[in-house]
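Dear colleague,

I am passing on the structure below, and after it you will find my notes on what came out of the analysis. Please read them with the structure open beside you.

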Amino acid sequence: MDQTMSSKLQSSNNIAQARRTVQQLKLEANIERIKVSKASADLMNYCGEHAKYDPLLMGIPASENPFKDKKPCTIL
Amino acid sequence: MGEMDQMKKEAEGLKSQIEAARKAAADTTLADAASGVAPAPRVQLKTRKTLKGHLAKIYAMHWATDCRLMVSASQDGKLIIWDAFSGNKINAVPLKSSWVMTCAYAPSGNLVASGGLDNMCTVYNLKTPVVKTVKELDAHTGYLSCARFLSDTEILTASGDTTCALWDIETGKQKTVFLNHVGDCMCLALSPDMNMFISGACDSLAKLWDIRDGTCKQTFQGHTSDINAISFFPSGNAVVTGSDDCTCKMYDLRSDQEVISYQDAQLNSGVTSLALSVSGRLIFAGYDDFNCNIWDSLKGEKVGVLSGHDNRVSCTGVPQDGMCVCTGSWDSFLKIWN
């Protein structure tokens with residue numbers, strides 16, 4: 001392929017890429033956005049409602065901890 | 001003006017439009033909004049188990065949905081299936097290529113997958129008398145950085161070739177290729193409803209994808225280096241990322257922007273991995289400095305640290321029931337904490 005052919009191919013690839021970039025940006029620009037205050041409220045609510053079901057937050061009683069090694073009891 | 005210049009101008013205009021729309025929605029920050037929330041308690045977790053068995057750096061781990069079994073991958077060339085309750089090894093799967101970077105457990109518990117510098121995702125059946133290779137998914141032209149099963153018949157992969165792909169495991173073919181990143185894809189996470197996934201890449205961007213139509217829906221900026229770790233907030237409305245820029249960030253999907261950054265002036269190691277507790281309040285982030293820091297996701301404050309590894313923490317995982325956090329390290333050990 002001579003110099004002009006390959007540089008033409010290169011520039012048409014670049015234009016195709018640029019068109020795709022613009023297409024993608026149009027898609028992303030057109031979405032609805034909610035206010036961060038509303039988004040934050042929802043995140044806080046979720047954490048609040050689910051906190052009591054979060055073992056790592058609440059702590060796990062030893063008797064209910066499947067990962068805790070059960071030590072044998074010695075009778076003194 | 002040539003078409004190229006026109007396209008450039010249009011792209012710049014759209015970027016400004018997006019920037020302006022995000023600013024208009026930014027009436028507060030998450031940290032400010034959460035200033036009235038009671039701080040998370042100081043989290044002091046103990047190592048309950050140290051899983052010993054790998055002979056080299058551990059690169060990845062993934063919990064099974066039964067919250068008891070887990071799979072780990074090491075560059076000793078093995079996948080190990082562990083019973084985390086007892087600390088016993090259930091299975092050791094020898095890998096054709098020891099340069100493994102990721103592993104995954106199928107939701108059914110029947111299959112596991114691995115992949116790495118071989119550019120392939122290999123799927124194994126754990127339920128046959130001897131563990132058997134089901135398929136070698138071979139089409140990526142770069143390393144496999146992450147894999148996640150949707151079911152026993154479909155798996156998502158992220159690759160150093162800058163693409164992600166959805167595969168049909170039975171045919172071994174890619175059903176959909178997700179094209180848009182301009183840097184190596186390093187991580188991916190499935191949305192709770194399984195309709196979307198999020199990817200993080202070396203182009204410092206996180207992208208939200210529709211699994212079925214193959215399109216990139218949103219792009220999140222803010223990081224200044226590779227994004228190595230990514231996870232959905234449990235409600236599905238936000239994602240958390242971890243980066244080589246030493247920060248983690250939360251992006252809200254519906255406001256389309258970063259809402260908080262988790263960083264500390266004294267922290268100058270990259271984030272390698274992260275996992276959230278079931279309520280989403282705690283973020284467990286693994287760092288190059290051998291520690292796993294625990295962050296209050298709403299307030300952006302550090303509330304604890306998991307110290308105990310003698311090398312980089314490379315992977316972190318919380319099982320579905322939230323009963324513990326597992327850390328895996330280049331020191332060849334996995335630790336279970338709660």
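The contact between the two chains, where contact means heavy atoms within 4.5 Å, takes 66 residues from chain B and 39 residues from chain A. Together the chains bury about 4,300 Å², 69% of it on carbon and sulfur atoms; buried area here is the accessible area (1.4 Å probe) that two parts lose on being put together, summed over both. Of the area that chain B buries against chain A, R254(B), S279(B) and M323(B) supply 14%, more than any other three residues.

This is a predicted model, in which local features need pLDDT of at least 70 and side-chain atom pairs count only at pLDDT 80 or more, whereas totals for chains, interfaces and linings use all residues. Residues are numbered from 1 along each chain as its sequence is written, chains are lettered from A and ligands numbered from 1 in the order in which they are written, and side-chain values use heavy atoms, with hydrogens and water left out.

Across the interface the rule finds 5 salt bridges, a salt bridge being a side-chain nitrogen of Lys or Arg within 4 Å of a carboxyl oxygen of Asp or Glu. The side chains of E3(B) and R19(A) form a salt bridge, with N to O at 2.9 Å.

Chain A comes to 3 helices and 0 strands, where helices (H or I, at least four residues) and strands (E, at least two) are DSSP runs, numbered from the N terminus. Buried residues make up 28% of the 76 residues in chain A, buried meaning under 20% relative accessible area (1.4 Å probe, protein chains only).

S329(B) lies in strand 27 (residues 325-329) of chain B, and S329(B) counts as buried because its relative accessibility is 0%. Its side chain reaches the backbone oxygen of N311(B) at 3.1 Å, and a polar atom of that side chain lies 2.9 Å from the backbone nitrogen of D331(B). Leaving out residues up to four places away in sequence, S329(B) touches several residues, among them K57(B), I58(B) and H309(B).

Conventions:
Buried < 20%, exposed > 50% of the residue type's maximum accessible area, 1.4 Å probe, protein only. Polar contact = N/O pair within 3.5 Å; in protein donor to acceptor, adjacent residues only side chain to side chain.
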